[in-house]
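Visitor: Could you walk me through this chain, starting with its overall layout and then going into some local details?

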Amino acid sequence: MRKNNHNPELKNFDVELYHDQLGRLGSGVLSFGGNQWACVNLLISDNALELRADDAKFDLIKAVTNEGSTFCLCDCKVNGIALYADYVIDGDLKEAAVDSISVRYSDVSEWFLHWRTVDGSVGKTLSWTRIPKDINVSVETDNEHFDLRSAYCSSRSQLGEDLVLHEHVEFIFSARASKFSLADVKAKTHELSCLLSILLAYPATIISIIVSQGSGRSYRIYFPTFERPQRTKDDSSFWVRCFIQQPALDGRWQSIFDHYYQSKYRKVCWVRLSGMQRYEGFWEYKALGYVSLLDSYLNIRFDKVSFSESLPPSSRKLRKFRQDLAKELPTILSNERDKIVELANKSFSSNKFNLEDKYKLALKETDADITKIINLSEEEFSLIKKVRNRVAHGDDHGLKQEQFPVVIRAESKIALLLTYWAFLDFGLTTQEFITCLEKTHSKLKLAAMIDKVHMDRVTGSADFFSVTIEELQLLKGEKGLRVHGCCIEDDLGNITFSEEYTKMYKDWIHDPTKTSNIHDPERIFGVSKNRARFVNQGYFECEEDNFRVHCMWIIK
């Protein structure tokens, strides 16, 4: 059982440097960890000529501490009196190639293990149940072949009077065709991070990586990566903010990894989509990033699609061309000018889609309920596209004060739409995405301000009552109807507010002498159950206008 040995602090060691062919190279102070680039500050009085050569590079240098411990510094470059290493391996390796990679991510174990339970009594017997099925998949593409599995790790320790039980999940890559290079170590752990980040809609950050060669001992490897997002220590509701829950993926992992590693979007779009979750910079560049990411996705999706007929340049461009032509060549006759404009029209026609064309085509192919739920309007898309173009060219964004929230909201809607397309690309379904969207408290969902009414309609989580516009206005005016209200339904299906039944219901709710909280219409109203219907959530609606109610009784 491996203990939780995560230590993100910066480490410093006095070391002597050795090379297998060149021998001793000098000494200095090795610093690494803390998410910083590994560096040896060389002693000026003790460094070999090989370290003084311009742009000196070394595949592997061994750094030996005063206590005799060895660190392997890999992919090294010398700059002045400093030697920088892309990777540090805590141990003595003969070659920079490994057979397996074990990686642990921040917060992922909490999500992965949330649904397991611990039964029994402390001091007697404890048993773990509902532990999720291990991931055990094999990935084979034209360029690589490896296995990936998850491993449940646990430990216990005594801290004063407290017995501390620790558990987490690690993900282990095993080479099949050939060994992993150190570049593979970084790439594989990052690729899995991107997949998990999109599924969770939360950045999966690397905590630690351990590599091994054959059946020998394991070695900790260090290289700079992303910072872990800050969370409060007493945050116990992280799981509900994850987009998808782990049980929904049990038994699906092989299919998901097959889709992911065969995806034409993986190396560009999905890497960037997961990376944008970490963006905390200036809002203009976030808008630039998401619209550019959407553009990149659509370019890949419709790479070989074109219009059957050439499209002329926009009328605005032709009008400007005509004006410039008249200004620059005023002596040309009108009919000759028309011929030149017509020639330009034909010459600059195109059968290629622009961003707006591709976006409309993608929406046409997207599930109609999804587009209604995400609800990115044409006006919102046009505005954020305009902002992207201005920012990309270094111009002022030109927004009015009231337009800023529209752009921020449109960014989140684009992120949510791209996440939906990613889910489909991973082999998940539209219905599964809608189920996730309904249940999650993810920041991605909240920031997008989805159409909750259509979501409730699609998921069947609310009842809908069609009324006339006059009836809707009357119902909106009833103060007691929104929560714990009551209505009467006549033989024709007409629904009207009942002040009498509403008072009876609220009196029952606040009655301290009632012996049961079960909502029984016979006890509350004195009417039989076949005459009363409880509506947990509902909408009165007329065309696009609606009025939402909670915990309402309808009595016939």
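This is a predicted model: local features need pLDDT of at least 70, side-chain atom pairs count only at pLDDT 80 or more; totals for chains, interfaces and linings use all residues.

Visitor: Fine. Which domains does the assignment give?

Guide: The assignment, whose bounds come from an automatic or database source, gives domain 1 (11-90), domain 2 (97-262), domain 3 (280-305 + 353-457) and domain 4 (463-555).

Visitor: And how many Å separate the centres of domain 1 and domain 4?

Guide: Taken over C-alpha atoms, the centres of domain 1 and domain 4 are separated by 75 Å.

Visitor: Let's go to helices. At what angle do H5 and H8 cross?

Guide: The axes of helix H5 (residues 283-301) and helix H8 (residues 355-365) cross at roughly 70 degrees and come within 10 Å. That makes H5 roughly perpendicular to H8, on a scale where angles under 35 degrees count as roughly parallel, over 145 as roughly antiparallel, 65 to 115 as roughly perpendicular and the rest as oblique. The axes are lines fitted to C-alpha atoms, for helices over the stretch in contact, with angles running from 0 to 180 degrees between N-to-C directions. Helices (H or I, at least four residues) and strands (E, at least two) are DSSP runs, numbered from the N terminus.

Visitor: Which residues meet there?

Guide: From H5 come Val291, Leu294, Asp295, Leu298, Asn299 and Arg301, which meet Leu355, Lys358, Tyr359, Ala362 and Glu365 in H8. By class, the contact of H5 with H8 has 6 nonpolar, 1 polar and 4 charged residues, where Ala, Val, Leu, Ile, Met, Phe, Trp, Tyr, Cys and Pro count as nonpolar, Asp, Glu, Lys and Arg as charged, and the others, Gly among them, as polar.

Visitor: Now H12: which of its residues are buried?

Guide: In helix H12 (residues 430-439), the buried residues are Thr430, Phe433, Ile434, Cys436 and Leu437, with buried meaning under 20% relative accessible area, exposed over 50%, and partly exposed in between (1.4 Å probe, protein chains only). Seen down the axis of H12, these residues fall within an arc of 160 degrees, so they line one face of the helix; the arc is that of the directions from the helix axis to the C-beta atoms.

Visitor: What covers them?

Guide: The cover over the buried residues of H12 includes helix H9 (368-374), helix H11 (404-425), H13 and H14.

Visitor: And H16, what is buried there?

Guide: Tyr501, Thr502, Tyr505 and Trp508 are buried in helix H16 (residues 499-509). Down the axis of H16, the buried residues fall within an arc of 130 degrees, so they line one face of the helix, whereas the face turned away from that buried side carries the exposed residues Glu499, Glu500 and Lys503. What covers the buried residues of H16 includes strand S18 (486-489), strand S19 (495-497), helix H17 (521-524), strand S20 (532-542) and strand S21 (545-555).

Visitor: You mentioned S19. What does Thr496 touch?

Guide: Thr496, which lies in strand S19, is in contact (heavy atoms within 4.5 Å) with Cys487 and Ile488, leaving aside its neighbours within four places in sequence. Thr496 is partly exposed, with a relative accessible area of 44%.

Visitor: Switching to backbone: what is the phi of Asp75, and what is that of Met449?

Guide: Asp75, although not a glycine, has a positive phi of about 55 degrees, and Met449, also not a glycine, has a positive phi of about 50 degrees. Asp75 lies in strand S5 (residues 70-79) and counts as partly exposed at 31% relative accessibility. Met449 sits in the loop between helix H13 (443-448) and helix H14 (452-459), and at 54% relative accessibility it counts as exposed.

Visitor: Last one, on glycines in S2: is Gly26 buried or exposed?

Guide: Gly26, found in strand S2, counts as buried at 0% relative accessibility. Apart from neighbours within four places in sequence, Gly26 is in contact with Glu16, Leu17, Asp46 and Asn47. Gly33 is found in strand S2 (residues 23-33) and counts as buried at 10% relative accessibility; Gly33 and Glu9 are 24 residues apart in sequence and 5.9 Å apart in space, C-alpha to C-alpha.

Methods
Residues are numbered from 1 along each chain as its sequence is written. Side-chain values use heavy atoms; hydrogens and water are left out.
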